[in-house]
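Please work through the exercises below with the sequence and the model at hand. Each task is followed by a solution in steps.

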Amino acid sequence: MQTENKNFLQTLKERCEAKTPPFFKKLRTAGLILAAAGGVLIAAPITLPAALISAAGYMVVAGGVATAVSQAAVDGEECE
């Protein structure tokens with residue numbers, strides 16, 4: 001079990017360091033922008049409506065997920 005976890009983490013590290021396809025580079029950038037915009041709304045020093053704060057939280061989560069998934073995409077890999 002310990003060996004399987006080590007191999008999984010090594011494979012994950014290799015995937016994150018491998019070349020990313022152009023589409024996923026654009027998606028990663030969009031995810032970062034979305035997460036940053038949500039963070040700005042959450043941290044705004046003025047009082048904002050609760051619906052806007054709630055939407056900003058979803059923006060941060062969606063941006064983070066899009067960024068993480070895009071970073072793990074590898075160029076030239078075929079489905080098995």
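The exercises go from the whole chain to single residues.

This is a predicted model, in which local features need pLDDT of at least 70 and side-chain atom pairs count only at pLDDT 80 or more, while totals for chains, interfaces and linings use all residues. Residues are numbered from 1 along each chain as its sequence is written, and side-chain values use heavy atoms, with hydrogens and water left out.

**Exercise 1. Describe the secondary structure of the protein chain.**

Step 1. Helices (H or I, at least four residues) and strands (E, at least two) are DSSP runs, numbered from the N terminus.
Step 2. The protein chain has 3 helices and 0 strands.
Step 3. Along the sequence, the pattern is therefore written α-α-α.

**Exercise 2. Determine whether serine 70 is buried or exposed, and list its contacts.**

Step 1. Serine 70 belongs to helix H3, which spans residues 50-72.
Step 2. Buried means under 20% relative accessible area, exposed over 50%, and partly exposed in between (1.4 Å probe, protein chains only).
Step 3. Serine 70 is buried because its relative accessible area is 0%.
Step 4. With contact taken as heavy atoms within 4.5 Å, and neighbours within four places in sequence left aside, serine 70 is in contact with Thr20, Phe24, Leu27 and Arg28.

**Exercise 3. Locate threonine 20 and classify its accessibility.**

Step 1. Threonine 20 sits in the loop between helix H1 (2-17) and helix H2 (22-42).
Step 2. Its relative accessible area is 6%, so threonine 20 is buried.
Step 3. Not counting residues up to four places away in sequence, threonine 20 touches Lys25, Arg28, Ser70, Gln71, Ala73 and Asp75.

**Exercise 4. Characterise the aromatic pair in the structure.**

Step 1. Rings of Phe, Tyr and Trp (its six-membered ring) pair if their centres lie within 6.5 Å; planes under 30 degrees apart count as stacked, over 60 as edge-to-face and the rest as tilted.
Step 2. The structure holds 1 aromatic pair.
Step 3. Phenylalanine 23 and phenylalanine 24 form this pair, with 5.2 Å centre to centre and 80° between the planes, and the arrangement is edge-to-face.
Step 4. Phenylalanine 23 counts as exposed because its relative accessibility is 54%, whereas phenylalanine 24, at 26%, counts as partly exposed.

**Exercise 5. State how isoleucine 53 is placed and how accessible it is.**

Step 1. Isoleucine 53 is found in helix H3.
Step 2. Its relative accessibility is 33%, so isoleucine 53 counts as partly exposed.
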